[in-house]
Amino acid sequence: MTLYGGIEAGGTKFVCAVGGGPDDIRDEIRFPTTTPEETIGQAVDFFRTHHAREPLTAVGIASFGPVDPDPTSPTWGYITTTPKPGWGQTDLAGPLRRALNVPIGFDTDVNGAALGEQRWGAARGLDTFVYLTVGTGLGGGAMVNGKLLHGMMHPEMGHMRLPHDFDADPYPGHCPFHGDCFEGLVCGPAIAARWGVDPRTLPPDHPAWALEAHYLALGLVNIITVLSPQRLVLGGGIMDQRQLFPMVRTNVQTLLNGYLQTPEILERIDEYIVPPGLGSRAGVLGAIALAENA
Ligand code: ZN
């Protein structure tokens with residue numbers, strides 16, 4: 001039985017797991033993201049203890065970013081320009097590789113989740129699709145023609161620009177770089193700041209959700225027209241508000257206005273814009289899928 005390690009490296013917490021897939025998680029630990037030294041040290045300790053008992057074949061890391069995913073780069077495996085204090089230019093993959101001496105798979109948290117969804121979740125059988133997470137931030141990972149999309153670096157879908165009607169929504173946006181980019185308008189902290197309450201306390205028929213669905217649909221239409229994905233998987237804490245899904249689907253159809261005459265858009269949009277098959281476990285299982293690929 002082949003055993004892998006997976007790290008979902010988030011800005012607020014790390015989840016480390018050992019196993020072979022969704023039905024075979026042997027051990028799991030989670031701890032808050034503090035300093036790089038302490039946090040990476042905890043991950044190394046967890047896997048080293050395991051590795052001594054049952055050898056791991058590889059470890060996958062699905063990390064918050066931006067990251068350097070280019071295996072030919074001297075800073076491969078680094079978290080690069082993150083605004084998170086203390087974490088800029090942090091070598092995340094190196095300490096694990098040195099401690100365990102096994103292959104390391106490394107990618108963004110959302111590319112990892114996309115891979116996990118393709119392996120075990122809502123994107124099985126597809127080769128071109130997008131995974132989007134909407135929570136404290138907003139990020140998108142993509143698989144295109146069977147490969148996770150990297151290019152110059154990796155997609156930063158959360159920072160695309162959207163039409164913003166300041167009369168309808170005077171909130172200036174939450175992004176420290178752009179104000180009212182996609183993430184700046186749509187992430188959980190933006191909803192909280194715009195309405196002055198914790199989004200989880202807003203009732204399902206509150207106008208906050210109609211506005212949220214409007215912005216989400218604008219972003220999705222841009223993604224649909226650029227990448228032609230076969231499916232869009234939407235996860236993260238905000239998407240636990242399941243009333244958003246039908247609103248987003250209807251908004252996407254309205255915005256496309258009959259231009260894309262595909263059964264996915266016209267007839268099967270309920271299967272086209274969907275929640276993750278792996279639920280909140282997409283991140284850590286995605287990291288295990290990255291290990292498998294390594
Ligand atoms: Zn931005």
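**Close-up 1. Phe14, Phe31, Phe64 and Trp87 come together in one aromatic cluster.** This is a predicted model, in which local features need pLDDT of at least 70 and side-chain atom pairs count only at pLDDT 80 or more, while totals for chains, interfaces and linings use all residues. Residues are numbered from 1 along each chain as its sequence is written, and side-chain values use heavy atoms, with hydrogens and water left out. Rings of Phe, Tyr and Trp (its six-membered ring) pair if their centres lie within 6.5 Å; planes under 30 degrees apart are called stacked, over 60 edge-to-face, and the rest tilted. By this rule there are 5 aromatic pairs. Phe14 and Trp87 make a tilted one, at 6.0 Å centre to centre with 40° between the planes. Phe14 sits in strand S2 (residues 13–21) and Trp87 in the loop between strands S5 (78–79) and S6 (90–91), so this pair ties together parts that are 73 residues apart in sequence. Helices (H or I, at least four residues) and strands (E, at least two) are DSSP runs, numbered from the N terminus.

**Close-up 2. Phe46 and Phe47 form an edge-to-face pair.** Their ring centres are 5.0 Å apart, and the planes make an angle of 75°. Phe46 counts as buried at 10% relative accessibility, and Phe47 counts as buried at 0%. Here buried means under 20% relative accessible area, exposed over 50%, and partly exposed in between (1.4 Å probe, protein chains only).

**Close-up 3. Four side chains hold a zinc ion.** The donors are His159 (ND1), Cys175 (SG), His178 (ND1) and Cys181 (SG), at 2.1 to 2.4 Å; donors are N, O and S atoms within 2.8 Å of the metal (3.2 Å for Na, K and Ca), and sites may look incomplete because water is not among the atoms. Angles of 102 to 120° among the 4 donor atoms make the site tetrahedral, a label for four donors with all angles between 85 and 135 degrees. Along the chain, the donors follow the spacing H-x15-C-x2-H-x2-C. His159 is partly exposed at 23% relative accessibility, and His178 is partly exposed at 31%.

**Close-up 4. Helix H3 (residues 109–120) crosses helix H10 (residues 282–293) at roughly 80°.** The axes, which are lines fitted to C-alpha atoms over the stretch in contact, with angles from 0 to 180 degrees between N-to-C directions, come within 7 Å. H3 and H10 are therefore roughly perpendicular, the term for 65 to 115 degrees. Contacts (heavy atoms within 4.5 Å) involve residues including Gly112, Leu115 and Trp120 in H3, and Leu285, Ile288 and Asn293 in H10.

Terms used
Tetrahedral: all angles 85-135°; square planar, octahedral: opposite > 155°, others 65-115°. Parallel < 35°, antiparallel > 145°, perpendicular 65-115°, else oblique.
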